[in-house]
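Colleague: I am new to this structure and would like to learn how to read its features. Could you take me through them slowly, giving the general idea before each case?

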Amino acid sequence: MDVPQICHWHGYETTAALERSAVCAILETAESAIRQRGDFHLVLAGGTTPRRVYAALSQSPANWGHWHIYFGDERCLPPAHAERNSQMAHESWLTHVAIPATNIHTISAELGAREAAQRYAAKLASVGEFDLVLLGLGEDGHTASLFPGHEAGEAADAPDALAVFDAPKPPPERVSLSAHRLSYAKRIVFLVTGAGKHPAVQAWRNGELIPAARITPPQGVEIWLEQSLL
Ligand code: 6PG
């Protein structure tokens with residue numbers, strides 16, 4: 001039985017305004033988590049949308065020693081490959097701040113999807129509820145590497161990480177956190193920009209069960225997008 005998704009839509013006049021708000025929200029959520037629980041566990045979105053947000057974070061003061069970074073998905077490419085989500089995050093942000101290397105939990109996608117998914121699931125077994133999950137939206141409605149017509153891992157007993165072998169968005173082989181694991185978070189924010197996302201946003205708002213609609217935390221998800229996409 002599909003759990004209905006609660007959506008909180010936030011429209012922004014400009015991409016720059018959305019990105020500024022995202023940087024503030026991430027820093028505020030981090031401060032609150034560190035104050036309350038001593039650490040901040042953040043899942044990063046891949047793709048290109050978050051790049052400027054990550055770059056702005058690299059220029060921001062924060063209690064970096066208490067940040068723990070995870071990835072919502074990874075492409076099965078060599079570790080330093082330009083198209084790796086972890087490489088984008090490192091280049092734009094992570095190499096410029098003092099987050100301990102042991103707190104940056106990359107997906108070993110270079111080992112192949114099956115092995116990497118098993119290893120990441122084992123790592124996540126000792127990680128509780130994420131404090132914040134950042135996600136993107138693909139033009140076909142995918143999020144992380146959960147694609148239409150593919151297993152999303154919504155069930156309570158779904159593995160925390162899934163191996164993906166025929167992704168329609170290259171590369172075909174990927175690792176993705178499951179919908180169930182991505183939903184186990186205190187706060188989930190989708191960052192959506194670009195006119196190409198309009199059809200997927202409309203499908204989402206019309207109630208179509210696109211992969212992004214399968215992220216169902218009890219408090220709902222926040223979708224931060226350009227006003228023109230609403
Ligand atoms: C990936 C991402 C993917 C991305 C969306 C949006 O590995 O491709 O994880 O889920 O977030 O495809 O991509 P853009 O931000 O580039 O539009």
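**Rings, core and helices**

Modeller: Ring pairs link Phe40, Tyr54, Trp64, Trp67 and Trp93 into a cluster, where rings of Phe, Tyr and Trp (its six-membered ring) pair if their centres lie within 6.5 Å, and planes under 30 degrees apart count as stacked, over 60 as edge-to-face and the rest as tilted. This is a predicted model, in which local features need pLDDT of at least 70 and side-chain atom pairs count only at pLDDT 80 or more, while totals for chains, interfaces and linings use all residues. Residues are numbered from 1 along each chain as its sequence is written, and side-chain values use heavy atoms, with hydrogens and water left out.

Colleague: How many aromatic pairs are there by this rule, and what kind of pair do Trp67 and Trp93 form?

Modeller: The count comes to 9 aromatic pairs, and the one between Trp67 and Trp93 is edge-to-face, at 5.9 Å centre to centre with 85 degrees between the planes. Trp67 lies in strand 3 (residues 67–71) and Trp93 in the loop between helix 3 and helix 4 (113–124), so the pair ties together parts that are 26 residues apart in sequence. Helices (H or I, at least four residues) and strands (E, at least two) are DSSP runs, numbered from the N terminus.

Colleague: Is Trp93 buried or exposed?

Modeller: Buried means under 20% relative accessible area, exposed over 50%, and partly exposed in between (1.4 Å probe, protein chains only). Trp93 is buried because its relative accessible area is 0%, and Trp67, at 1%, counts as buried too.

Colleague: Which residues have the most contacts inside the largest nonpolar core?

Modeller: A nonpolar core is a set of buried Ala, Val, Leu, Ile, Met, Phe, Trp, Tyr and Cys residues joined through side-chain atoms within 4.5 Å. The largest one here has 75 residues, and those with the most contacts inside it are Leu42, Leu44, Tyr54, Trp67, Ile69, Trp93 and Phe190. Helix 1 (residues 15–37) gives the largest share of this core, 10 residues.

Colleague: How should I read two helices that pack together?

Modeller: Two packed helices are described by the angle between their axes and the distance between the axes. Axes are lines fitted to C-alpha atoms, for helices over the stretch in contact, with angles from 0 to 180 degrees between N-to-C directions. Here the axes of helix 2 and helix 3 (residues 85–92) come within 8 Å and cross at roughly 40 degrees.

Colleague: Which residues of helix 2 meet helix 3?

Modeller: Arg51, Tyr54, Ala55 and Ser58 in helix 2 meet Met88, Ala89, Glu91 and Ser92 in helix 3, contact meaning heavy atoms within 4.5 Å.
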